[in-house]
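Below is a short note for a colleague who will work with this entry. The points follow the order in which they came up while going through it.

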Amino acid sequence: MATDGIIRIGTRGSQLALAQASEVRARLMVAHGLPAERFEVTVISTSGDRILDRPLSEVGGKGLFTKEIELALLGGEIDIAVHSSKDMATAIPDGLAITAFLPREDVRDAFIGREVRTIAELPHGAVVGSASLRRQSLLKRLRPDLEVITFRGNVQSRLRKLEEGQVDATLLALAGLNRLEMSHVATEVLDVVSFPPAPGQGAICIEGRAGDQATADLVAAIADHHTTVALTAERAFLAELDGSCRTPIAAHAEMHEDGSMTLHGMILTPDGVRMHETRRTGLAEDAATIGRMAGRDVLEEAGPDFFAGWAM
């Protein structure tokens, strides 16, 4: 923490990213009785925000949304970094650590149709835009007749492109729409079983410097246990698969009242033709093991050549 007592929060500059940073600030203010003046939100432009004409898989993957923010954190320009958990790579840079996950929002995906309300109602050959390989693959599996194209940009720009008629429909995380108070634009909310989310979807992640115990203690007060357990499993599943933006991977962990948890994990080919999934249940304290074992389950079922040729 800076000597002036100001807690500097680093974030991307989109409306959604700023809403997430504001949520972190508000929770810290309540938890510690601190005034707004003790916090400063620092907007940091990332490569992922600037490079919009190519799929993430072609230009570096998930790290494009976190690299510059993490460099600012390592350099002491900010005290904590706020990320969407699904943007976080499984390997955290040396000198940094994930310090908290906030209570998770709705994990489901939202379908937004321009002239129809559901995926089933889309006409043959309709064009759907999405930046996510997972969403593209799941959509192709449901509707092989659709034309699915890469569709980058923040929530507002994608909705604007939809309104302009560049595509017939798009898919967005319901969590983001909820945080922006825009859930009304969703014309269909997709079932979490048949259309499972990305690992970490709906959860805000706070990252700090390793060894900065004062800031870690500050942030610990707003950490959510259930979300932490769920994301421990989902991120372990992702790590076992060496997953990134180059691979269509879905994972969703749920906590049960008896203290156990169940992880639903899935991998697909980009065309959606081949899919392998698993479900594992165990104790919450074994979340990381459950995630790793689930990853091994789908790898064993898929075979060693499943990712060959397209996970480049």
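Predicted model: local features only at pLDDT ≥ 70, side-chain atom pairs only at ≥ 80, totals over all residues.

1. Ala97 stands opposite Gly208 in E10. The strand that pairs with E10 here is E4, residues 96–101, which runs antiparallel to E10 and is joined to it by five bridges.

2. E10 also has a partner in strand E3, residues 80–84, again antiparallel and with five bridges. On that side, His83 is the residue opposite Cys205 in E10. Five of the six residues of E10 are buried, so the strand is mostly covered, buried being under 20% relative accessible area.

3. The cavity search gives one cavity of 30 Å³ or more, and the volume of the largest cavity is about 30 Å³. Its lining consists of Ile80, Thr99, Gly208, Arg209, Asp212, Thr215, Ala216 and Val219. By class, that makes three nonpolar, three polar and two charged residues. Strand E10 (204–209) and helix H8 (213–220) each contribute at least two residues to this lining, with H8 giving the most, three residues.

4. The second largest pocket holds about 220 Å³ of space. Arg104, Val107, Asp224, His226, Thr227, Ala230, His252, Ala253, Glu254 and Met255 line this pocket. The lining divides into four nonpolar, three polar and three charged residues. Helix H9 (225–240) and strand E11 (249–255) each supply at least two of the lining residues; E11 gives the most, with four.

5. Over the whole structure, 17 salt bridges are found. Side chains of opposite charge can pair when their charged atoms come close. One of the pairs is Asp109 with Arg134, with 2.8 Å between the closest N and O atoms. Asp109 belongs to strand E5 (residues 109–113) and Arg134 to helix H5 (residues 133–142), so this pair ties together parts that are 25 residues apart in sequence. Both Asp109 and Arg134 are buried.

6. Two further pairs can be set beside it. Arg108 and Asp106 form a salt bridge with the closest N and O atoms 2.8 Å apart. Arg108 is partly exposed at 32% relative accessibility, and Asp106 is partly exposed at 22%. In the other pair, the side chains of Asp145 and Arg143 meet at 2.7 Å, N to O. Here Asp145 is partly exposed, at 23% relative accessible area, whereas Arg143 counts as buried at 14%. There is also a network of salt bridges that links Glu23, Arg27 and Arg179.

7. Two backbone angles should be noted. Most residues other than glycine have a negative phi. Glu181 is not a glycine, yet its phi is positive, about 55 degrees. Where does Glu181 lie? It is found in the loop between helix H7 (174–179) and strand E9 (188–189), and Glu181 is exposed, with a relative accessible area of 70%.

8. The other angle belongs to Gly76, which follows helix H4 and has a positive phi near 80 degrees. In H4 itself, residues 67–74, the buried residues are Glu68, Ile69, Glu70, Ala72 and Leu73.

Terms used
Residues numbered from 1 in each chain as written. Heavy atoms only, no water. 1 Å grid on protein atoms, 1.4 Å probe; cavity = no way out; pocket = protein on both sides within 12 Å on 5 of 7 lines; lining within 4 Å. Points joined across faces, edges and corners; volume = space filled by probe spheres on them. Nonpolar A, V, L, I, M, F, W, Y, C, P; charged D, E, K, R; others polar. Buried < 20%, exposed > 50% of the residue type's maximum accessible area, 1.4 Å probe, protein only. Pairing = 2+ DSSP bridges. Salt bridge = Lys/Arg side-chain N within 4 Å of Asp/Glu carboxyl O.
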